[in-house]
Amino acid sequence: MEERHMEVVPGLAGILAAESAISYVDGEKGILEYRGIPVELLAEKSTFLEVAYLLLFGKLPNAAEYKNFRSDITYHTRLKVKILRMIEFLPENGHPMEYLQSVVAAMGMYYPARDVMDEEVRYRSIIRLIAKMPTIVAACERLRHGDAPIPPNNDLSFAANFYYMLFEKVPDRFTEKIIDAMLILHADHTMNASTFSARVVGSTLADPYTIAASAIGTLSGPLHGGANEKVVHMLREIGTKENARPYIEKMINNHEKIMGMGHRVYKTKDPRAGFLQICAQQLFKSDSAVAASNLLEIAEEVEKVALEKLAKKKIYPNVDFYSGIVLHAIGIPTELYTPIFAMGRVAGWLAHWLEQLKTNKIYRPDQKYIGLRNQKYVPMEKRKG
Ligand SMILES: CC(C)(COP(=O)(O)OP(=O)(O)OC[C@H]1O[C@@H](n2cnc3c(N)ncnc32)[C@H](O)[C@@H]1OP(=O)(O)O)[C@@H](O)C(=O)NCCC(=O)NCCS
């Protein structure tokens, strides 16, 4: 008989749900590795498509493998006219994560992938999801503001093309590198909530579009991917470096959570936050209009005050603390921060799906029942209250 875990563990903290060889975290030392390679090294030297390949297929691609993978991706970046029309009919005030979730779910109707045991079906749907998510995010953003979508420019890199589809402008090298690094840093993170969601849905042998749509929904919550947006709102509300201390102290005294701080796993500074802080410092050094914003100095003051008060509880900045500031500095609208997180994380979700399919078993945890038993059925006319 299987051994049963008799105590309920809130949030399943510390419960092992799977064996995985995709990413590794050491929360005490602040280490994150993809297939054994430190994430900062990949963010500095690699590209998102190379990293997606690494996560999905277990090794960095050689030149021929990379060429094929990149060409498969670029071939699939366009959206069907019907999908674009569908987007036009979605409400303008919907959040881009709601758009993304709806369109990704609908993709399953255009590209049926229900036979998940077929290797070709799996490969094609992985390619389509990675290739089309940036196009969907950019098209939704433009259409909801009444602008015509810009078709992908496949002469550009994956990251530069995303920026181009948003602004009809080729980004400079540093901006392109920042977007690419952002996707790499978000591409996987062990058994986080959205990956768990992807694994649960995948364990039913549902198709990959349904899996990605469910993971996007999970990622949209403010305790997961939505925190980066909230960080920028908070910094704007603080307004000046001088206001940071009283604002943060008041939050801590009121037992409110500071967005972008704390992590279930990291008990030191998140290595991705450190990398992004350096990017932000470089960006804010330049004298462009956006760089004139004081968000970074407010953020660094918030970090300082928060650490004075919260380091004893091992609360440090997580990836979301600096990712919003960096995206703000390169002119990305706030509501697109979490969709960009999803554009990177989809590689991780799908890698976990492929890994899990090899030894699949439907998730079916247990519960501890604490409700009533053996109650009588009371007819409506006799019910009180
Ligand atoms: C990420 C997060 C959900 C992890 O939560 P968790 O592991 O369940 O930790 P808990 O919520 O139990 O917090 C443990 C303690 O630290 C405090 N704490 C955790 N995050 C905090 C934060 N961001 N600001 C202030 N205090 C925080 C809690 O109040 C709690 O204090 P207590 O023991 O005195 O009650 C949590 O830190 C959080 O909500 N952070 C803000 C949202 C965020 O940035 N999310 C993005 C994650 S990448």
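These legends accompany close-up views of a predicted model.

**View 1. Helix 6 against helix 16.** Here, residues 119-144 form helix 6 and residues 337-357 form helix 16; the two pack at an angle of about 170 degrees, and their axes are 9 Å apart. Since angles over 145 degrees count that way, helix 6 is roughly antiparallel to helix 16. From helix 6, look for R122, S125, I126, L129, I130, M133, P134 and V137, which meet P339, A342, M343, V346, L350, W353, L354 and L357 of helix 16. The residues of this contact divide into 14 nonpolar, one polar and one charged.

**View 2. The aromatic pair of Y53 and F69.** The count of aromatic pairs comes to nine. In the pair shown here, Y53 and F69 sit edge-to-face, with 5.4 Å from centre to centre and 80 degrees between the planes. Y53 belongs to helix 2 (residues 48-57) and F69 to helix 3 (residues 63-75), and the two are 16 residues apart. Both Y53 and F69 are buried.

**View 3. The aromatic pair of F196 and Y363.** F196 and Y363 also make an edge-to-face pair, at 5.4 Å centre to centre and 80 degrees between the planes. F196 is in helix 9 (residues 193-202), while Y363 is in the segment after helix 16, so this pair ties together parts 167 residues apart in sequence. With a relative accessibility of 23%, F196 counts as partly exposed.

Conventions
Residues numbered from 1 in each chain as written. Predicted model: local features only at pLDDT ≥ 70, side-chain atom pairs only at ≥ 80, totals over all residues. Heavy atoms only, no water. Axes fitted to C-alpha atoms, helices over the stretch in contact; angles between N-to-C directions. Helix = DSSP H or I, 4+ residues; strand = E, 2+ residues; numbered from the N terminus. Parallel < 35°, antiparallel > 145°, perpendicular 65-115°, else oblique. Contact = heavy atoms within 4.5 Å. Nonpolar A, V, L, I, M, F, W, Y, C, P; charged D, E, K, R; others polar. Phe/Tyr/Trp six-rings, centres within 6.5 Å; stacked < 30°, edge-to-face > 60°. Buried < 20%, exposed > 50% of the residue type's maximum accessible area, 1.4 Å probe, protein only.
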